[in-house]
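This briefing covers pockets, surface features and individual residues in turn. Please keep the sequence and the coordinates in view while reading.

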Amino acid sequence: MELVTNILIGFIAAIHIYILWFEMFAWTTKGRQVFRNFPKDLFEPTKAMAANQGLYNGFLAAGLIWSFFIQDPIWKSNVALFFLICIAVAGIFGAVTASKKILFVQTIPAIIAIALLFLN
């Protein structure tokens, strides 16, 4: 069960690294493909804002990756839990304010990982 939990946490970290990449470095190209409902003329003016959002996603990924290097099992679980809760809450907010798709991309995987942490 711990292996499955770690794989899911790694997958969630990878998603947030991907989000970091397109929000910080490909907002005006890949961002247009991801956020199709966002007005095309606003991508360039919102480039700095998107980069800031990308940086926050990078911090979420870094926190999950950090949990893999913690030796103490309780501390490791608590750190992963904290960052997964942050991702779940951010995903809920994003689903309410931006796109329902965020619920499936961020929130549901985070909630599943949280449940798996409690089952370990």
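Alanine 115 counts as partly exposed because its relative accessibility is 38%, and partly exposed residues lie between the buried limit of 20% and the exposed limit of 50%. The residue is found in helix α5. The model described here is a predicted one. In it, alanine 115 and leucine 81 are separated by 34 residues in sequence and by 9.7 Å in space, C-alpha to C-alpha.

**Nonpolar surface patch**

- A nonpolar patch on the surface is formed by Ile92, Val96, Leu103, Phe104, Ile108 and Ile112.
- Together, these residues have about 550 Å² of accessible area.
- Helices α4 (73-97) and α5 (101-119) each contribute at least two residues to the nonpolar patch.
- The largest share, four residues, is supplied by α5.
- Isoleucine 112, one of the patch residues, has its place in helix α5.
- Isoleucine 112 is classed as partly exposed because its relative accessibility is 45%.

**Largest pocket**

- The largest pocket has a volume of about 920 Å³.
- Its lining comprises 29 residues, and those nearest the centre of the pocket are Glu23, Phe35, Ala98, Ile102 and Gln106.
- Five helices each supply at least two lining residues: α1 (2-25), α2 (30-34), α3 (47-67), α4 and α5.
- Helix α3 gives the most to this lining, with six residues.
- By class, the lining of the largest pocket divides into 17 nonpolar, nine polar and three charged residues.

**Second largest pocket**

- The second largest pocket has a volume of about 170 Å³.
- Its lining consists of Glu2, Thr5, Asn6, Ile9, Ser67, Pro73, Lys76, Ser77, Ala80, Leu117 and Asn120.
- Helices α1 and α4 are the elements that give two or more residues to this lining.
- Four residues of the lining are nonpolar, five are polar and two are charged.

**Residues in the lining of the second largest pocket**

- Proline 73, one of the lining residues, is found in helix α4.
- Proline 73 counts as exposed because its relative accessibility of 61% is over the limit of 50%.
- Between proline 73 and glutamate 2, which also belongs to the lining, the C-alpha to C-alpha distance is 11 Å, although the two are 71 residues apart in sequence.
- Isoleucine 9, a further member of the lining, lies in helix α1.
- Isoleucine 9 is buried because its relative accessible area of 2% is under the limit of 20%.
- Isoleucine 9 and alanine 61 are 52 residues apart in sequence, with a C-alpha to C-alpha distance of 9.3 Å.

**Salt bridge**

- Side chains of opposite charge can pair when their charged atoms come close.
- The structure holds one salt bridge.
- It joins the side chains of glutamate 44 and lysine 47, with an N to O distance of 3.9 Å.
- The pair qualifies because the cut-off for a salt bridge is 4 Å between the side-chain nitrogen and the carboxyl oxygen.
- Glutamate 44 is partly exposed, because its relative accessibility is 48%.
- Lysine 47 is likewise partly exposed, at a relative accessible area of 41%.

**Loop between α4 and α5**

- Serine 99 is found in the loop between α4 and α5.
- With a relative accessibility of 26%, serine 99 counts as partly exposed.
- The C-alpha atoms of serine 99 and threonine 29 are separated by 19 Å, and the two residues are 70 residues apart along the chain.

Technical notes. Residues are numbered from 1 along each chain as its sequence is written. This is a predicted model: local features need pLDDT of at least 70, side-chain atom pairs count only at pLDDT 80 or more; totals for chains, interfaces and linings use all residues. Side-chain values use heavy atoms; hydrogens and water are left out. Patches are made of residues with over 30% relative accessible area and no salt bridge: like charges are joined within 9 Å, nonpolar side chains (Val, Leu, Ile, Met, Phe, Trp, Tyr) within 5 Å. Accessible areas come from the Shrake-Rupley method with a 1.4 Å probe; for residues, only the protein chains shown count as cover. Buried means under 20% relative accessible area, exposed over 50%, partly exposed in between (1.4 Å probe, protein chains only). On a 1 Å grid over the protein atoms alone, a cavity is a set of points where a 1.4 Å probe fits but cannot get out, and a pocket is an open set with protein on both sides within 12 Å along at least five of seven lines; lining residues have an atom within 4 Å of a point. Grid points are joined across faces, edges and corners, and a volume is the space filled by probe spheres set on the points. Ala, Val, Leu, Ile, Met, Phe, Trp, Tyr, Cys and Pro count as nonpolar, Asp, Glu, Lys and Arg as charged, and the others, Gly among them, as polar.
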